[in-house]
Amino acid sequence: PFGTPSPMRTLLAALLLSLRWLHAISKAYTLRESLDCRWHPGFSAFLDRLLLLRQIGLPRDGELEAQAISLTQEFRASGALEIFEEYDRPIWKSFRAKVCQLELRSPPPCIYGAVAALWVLIRTGFLEIAWSTSTETLLQDACSLIGWDRVFVDFAEESSWPVQPIDACAGQHMGRILLPSEVQRYFDVSVREEDPWTSPSQGKAGPLPGRAPVVQPERHVRPRARRRVVAWELGMHSAMSAEALTSLRAAGKGVGLLLEARNLINSRYPPLDVLSNCVPYQNARMPCQTVADEVSRALDRVVQGKQPVDSMNDMSALVEEVVAPRRREFDLVVVTSPPLMLLGVVMGCRSLREKPTVLYTSSFLYERVGRRHWLMQEGLFAEAAQGPRRAFAFQDEYSQHFAKVRLGLDLPMVPSMALYTGVLAAVNVTRPGQILVVERGADTDSLPCVLQHTINEFEKIDGFAPSFEIWRGLSWKQMATFDLAAYFPYTVFRMIFDEIYRMPVPIFVPRHLSKHSYQYWFTVNSLRSGPMLEEVANRGGKMGDPDFRILPFYNPWNFSTFQELFHTAHFSRRHLRFFDSLADLLRWASPAQKGELDALRGAMRLENARARKEALDFWGSSLRRILQLGR
């Protein structure tokens with residue numbers, strides 16, 4: 001039944017689909033009806049059968065399998081399955097275009113139904129014989145049809161399909177068919193609802209385990225005249241550089257230091273039209289100017305491009321040549337991103353290595369690290385972190401966890417303060433009922449379209465229509481005026497997360513772990529990381545291999561590791577809230593929730609003040625130590 005379709009069968013299948021579409025456009029469909037393919041009699045009956053069988057554990061069923069054969073034949077004859085397999089996925093573009101219509105009079109292709117039908121047939125073993133393909137490969141094909149980590153997963157659960165793309169993807173990892181009930185254990189969201197700042201044994205507030213050690217402020221008379229300290233910072237991420245330098249300047253004031261700083265690297269990101277060089281520093285009342293000289297030109301040459309770097313000796317020698325004559329101009333070195341690569345440059349350059357050093361980052365440690373000598377660079381990082389004139393810390397919980405599991409380093413997680421956003425200035429909520437949406441991808445994400453459909457249907461039921469706005473292009477001051485923020489993460493941490501949290505705008509995160517698969521961003525990182533590329537080659541491209549050395553805990557291709565995501569900021573912050581569906585999210589924007597949101601915002605202010613004091617105490621004490629200041 002699955003042989004190559006004849007031209008006549010292809011034409012008939014296309015005509016049949018066209019007639020069904022003509023019938024479908026005679027009425028407007030709700031989002032769920034469209035995703036459930038209720039406009040298609042065959043898929044509608046197939047879904048009803050699946051829902052009925054789910055009640056008794058989804059046993060094998062002859063009628064269901066016959067329906068799946070018929071639907072797969074129809075889709076394959078029409079060329080839809082072949083279209084699925086193309087890299088740019090034209091059918092996905094069609095799907096997104098249809099979903100983004102204000103009225104769903106032209107239904108989107110039945111992608112979820114097609115994946116469910118394939119899942120049923122893979123389970124029977126029919127396709128292994130008909131297509132001479134292994135179960136693992138078939139599941140991989142079914143998973144790859146959907147680009148699930150960036151787009152489809154946003155609204156798969158807004159449909160009624162009991163077998164979803166996530167089930168095919170999980171089965172691909174295991175190399176066999178998994179029932180939806182088996183898959184759920186990988187994504188069991190037993191989120192710790194208890195207050196992580198409270199010790200159950202003591203019943204009172206205390207620091208989070210692994211956070212910056214509590215440093216008692218030293219009792220001393222603050223000098224009238226502050227000592228001037230000049231910091232040279234190496235970093236390519238504009239916001240990360242600003243976080244480190246503004247935090248150190250604020251902490252320095254408390255210990256009698258006046259910190260001045262310059263960014264040695266001018267080719268930073270985000271690009272200048274998104275984040276101006278000096279605005280972040282001006283927000284924190286810190287002097288700023290962009291300097292272009294032989295040092296910055298040398299560093300810009302060193303970090304140019306996005307490929308892994310193996311020529312560490314050449315890089316360090318080039319930097320030493322221009323820094324050595326000017327070693328008396330600065331007192332402190334600060335490293336942010338990419339951390340391991342830039343630390344290697346510093347440690348290979350005597351004029352930088354002999355200075356007190358701060359490393360403060362939330363970047364992937366192996367970004368831009370080359371294939372050669374990366375284990376030696378790991379060891380160099382571990383040794384450098386223990387130096388008496390060095391202070392290393394992470395901005396986020398997961399980077400700290402990574403270093404502990406991978407490198408055996410118990411380094412502190414120091415809360416970021418986001419002073420560079422100007423959050424210390426009071427900003428009132430002027431957009432009640434509006435949701436700030438941080439989506440995953442501006443070009444491919446259908447979330448805004450699906451969210452608008454959900455709002456339209458929400459209004460019909462509840463008589464209230466919340467609104468939303470995408471965060472891109474908004475200033476920090478504008479973002480601070482929203483009632484709440486919906487945060488859809490695509491990696492373990494982003495600076496925008498802390499920026500919003502410190503504003504403070506209540507953040508709502510998807511509860512289900514299937515919404516937290518970061519395959520896209522890990523793929524991008526692997527192209528920038530020599531160790532990742534080496535491991536991909538060693539494993540024959542199977543990044544889900546449980547022995548993948550660089551990802552010994554969370555691995556977005558290994559579903560058994562997803563519980564490790566509880567170590568991320570997305571599940572660790574005290575005043576985060578979670579939602580189970582888009583409708584659940586929208587309810588929080590209703591007028592009835594105003595009192596609770598106001599109380600949550602007030603609690604976040606108190607937590608942020610405490611985190612700010614913790615960070616200032618830590619950095620003040622660290623600066624005293626590494627700069628060897630007397631009392």
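Predicted model: local features only at pLDDT ≥ 70, side-chain atom pairs only at ≥ 80, totals over all residues.
Local features here need pLDDT of at least 70 and side-chain atom pairs pLDDT 80 or more, while totals for chains, interfaces and linings use all residues. Residues are numbered from 1 along each chain as its sequence is written, and side-chain values use heavy atoms, leaving out hydrogens and water.

Q: How are α16 and α18 oriented to each other: roughly parallel or roughly perpendicular?
A: Helix α16 (residues 339–347) and helix α18 (residues 374–385) pack with axes 10 Å apart, at an angle of about 75 degrees. Axes are lines fitted to C-alpha atoms over the stretch in contact, and angles run from 0 to 180 degrees between N-to-C directions. Because 65 to 115 degrees counts as roughly perpendicular, the two helices are roughly perpendicular.

Q: Is S399 buried or exposed?
A: S399 is found in helix α19 (residues 397–407). Buried means under 20% relative accessible area and exposed over 50%, with partly exposed in between (1.4 Å probe, protein chains only). The relative accessibility of S399 is 9%, so S399 counts as buried.

Q: Which residue's side chain makes a polar contact with the side chain of S399?
A: A polar contact is a pair of N or O atoms within 3.5 Å; within protein, one must be able to donate a hydrogen and the other to accept it, and residues adjacent in sequence count only if both atoms are side-chain atoms. At 2.6 Å, the partner of the S399 side chain is D396.

Q: Where does H575 lie?
A: H575 counts as buried, at 10% relative accessibility. The location of H575 is the loop between α25 (569–572) and β12 (577–579).

Methods
Helix = DSSP H or I, 4+ residues; strand = E, 2+ residues; numbered from the N terminus. Parallel < 35°, antiparallel > 145°, perpendicular 65-115°, else oblique.
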